[in-house]
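Keep the structure open while you read.

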Amino acid sequence: MRDEYPRPDFVREQWLSMNGQWRFFEGDAGWPLRIEVPFPPQSRQSGLEKNLTSDRLVYERTFQVPKEWEGKRILLHFGAVDYKCSVWINGHCAGSHQGGQTPFVFDITDYLSGQEERLRVCVVDYLSDECVPRGKQFWQEQGQFIWYTQSSGIWQSVWLEPVCPAHILWMHFQPDIDSGTVEVTYQVSDGTPDHYQISLDIRFSAEAVYTGVSSGSGRRGKIIVDVFQNRALRGAFHFTGWYWSPEHPYLFDVTAELIDGGGRCLDRIQSYFGMRKVHVQDGKVYLNNQPYYQKLLLDQGYWKDGLLTAPSQEDYIQDIRKAKKMGFNGCRKHEKVEDPVFLYWADRIGFLVWESMASFWSYTPQSGAAFAQEWEQVIQRDFNHPCIVVWNMLNESWGVPRIYENHRQQHFARALYHMAHGLDGSRLVIANDGWEMTENDICAFHTYKHGAEGDSEQQEKFHAGIKSLEGLSGLVEKPLFAKGFSYQGQPVMLTEIGGIALGESACVGEGAQEESWGYTGARDEAAFLHAYARLINSIYDAEWICGFCYTQLADIEQEQNGLLDACHQYKVDAAKLKEINDRRADTNAFSTV
């Protein structure tokens, strides 16, 4: 059972996990099954491993609120439920939600009986609708090609939490390493008194950095804290030892309290932030005002037994540690908003993350609006994580198949770009990753035309092609830019590359429909390392490229091109991969296009 605290960047001391055994119904079936929440019913971890035939699911369980919570408001939290749901307490509808990737919460206090409580969650997950965000979830029973088994219904944690009528709804931390400050913004609940105080205690390695109390009125407020105590502006000290990076994931721990006029603490939360800056300048990506070469892994976030849901938080920890042991400093999450527990460990261990969301397929005004609304919720949820450096909005024109010359779809992609920047000015944004780009902070392109083993002609074509923007045209499946758009000096990155399957049985090529496949193949470990080294060395020789994203972290079902197998164990020697990746350790070696 998943029993870790589900929201580790906003922690309250009292809470109760609702994960575990629930009753489960599919469609109109009258006989209940037993399911292990939060694992999808299609997964082995759920105890069902069931192919669904109905879009409608029902979950039920009973619970009791702890006696010591008497007098508090009781909040019921859901990490994510795919795709629409309504929540019922003792026969009363507590609320509804749409969006399969984002969290929601209902105040259920007024529906509680004080005895054994009955909880019912009614879910609608459209198994074959191409207008809802579905990511890599296939619309048929069995995964094929790049599509995987679906993960329906509840797939992230459920929990209860007691709060006073006056409590903190959210708190965001906006670091500014150039001024040495952090801007703290927050919102409090409607039950908060007209006049209150916010107390902040900020610590670095348990040493006090700031302790202070600020008066507040109204539901929102802002506090600016001088983290470096004005030394950054005076130039008297260098504080690079306090910056967050994959090499040095330094974090500041925060205790925030909401205090009423009589000095009584109404709410207390634990959080953290990192002093981290990412920006682009002169065709380079900078981390903390230094050029930074990104060595990323494409991470689908699937597990053999849990599908979209990791079996435990230890699985997140091991994925990050193994990626770093192989010489990577981050990941590009692919077609999935990852669990906040993963992001927490990426913050703590030090691992860059490009945040993504499940794409829809067929463009309509309604599908576009639903996708944009859910992205806004993603940015709100994950604002505080220093590991996230890119909002990766669309992938390979999925959902906008006519974007090359369709002005409506171009406007949609551009609107996503400007929406993300409008909601968060601290990160980079990619409107469409792979090709047919409109407005992007990074020129991000995909190619698997790097040559199979023995194909020296294609290998040489790839090696020569990535040395200039003009040479990319023959390597990318579609035009680099949508009609009317062109390169504007952005940093250039290979954001999908590789996909080398290991083993003689692997079928290769994008049309492969065998049991296992990859974009290219290698017969054994030695051949794989040779092919990988050739590919990475070609990328490193193209000094104008600012980084790459290798496909992919782990094998998933029929797609066998991972560096880890389906059980997330090494397929090749991690130290040998790291040696290849470390051949370019100098992050300052950039040239211009």
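Which residue in S17 is the bridge partner of Val 182? Val 225 is that partner. Bear in mind that this is a predicted model.

Now zoom in on S14 (residues 181–188) and S17: they run antiparallel and are joined by seven bridges.

## Helix H2

Next up is H2, a helix of 13 residues (313–325). From first C-alpha to last it reaches 19 Å, close to the 18 Å expected at 1.5 Å a residue.

Which of its residues are buried? They are Tyr 316, Ile 317, Asp 319, Ile 320, Lys 322 and Ala 323. An α-helix has 3.6 residues a turn, so residues three or four places apart point the same way. The cover over the buried residues of H2 includes strand S23 (294–299) and helix H3 (340–349). Just after H2, look for Gly 327, which takes a positive phi of about 95°.

## Cysteines without bonds

How many disulfides are there? The count comes to zero, using a cut-off of 2.5 Å between cysteine sulfur atoms.

Take Cys 93, which is partly exposed at 36% relative accessible area. Its closest cysteine sulfur, in Cys 122, is 8.6 Å away, so that's too far for a bond. Cys 164 is buried at 15%, and its sulfur is 8.0 Å from the closest one, in Cys 265, again too far for a bond.

Methods: Residues numbered from 1 in each chain as written. Predicted model: local features only at pLDDT ≥ 70, side-chain atom pairs only at ≥ 80, totals over all residues. Heavy atoms only, no water. Helix = DSSP H or I, 4+ residues; strand = E, 2+ residues; numbered from the N terminus. Expected span 1.5 Å × (residues − 1). Buried < 20%, exposed > 50% of the residue type's maximum accessible area, 1.4 Å probe, protein only. Contact = heavy atoms within 4.5 Å. Pairing = 2+ DSSP bridges.
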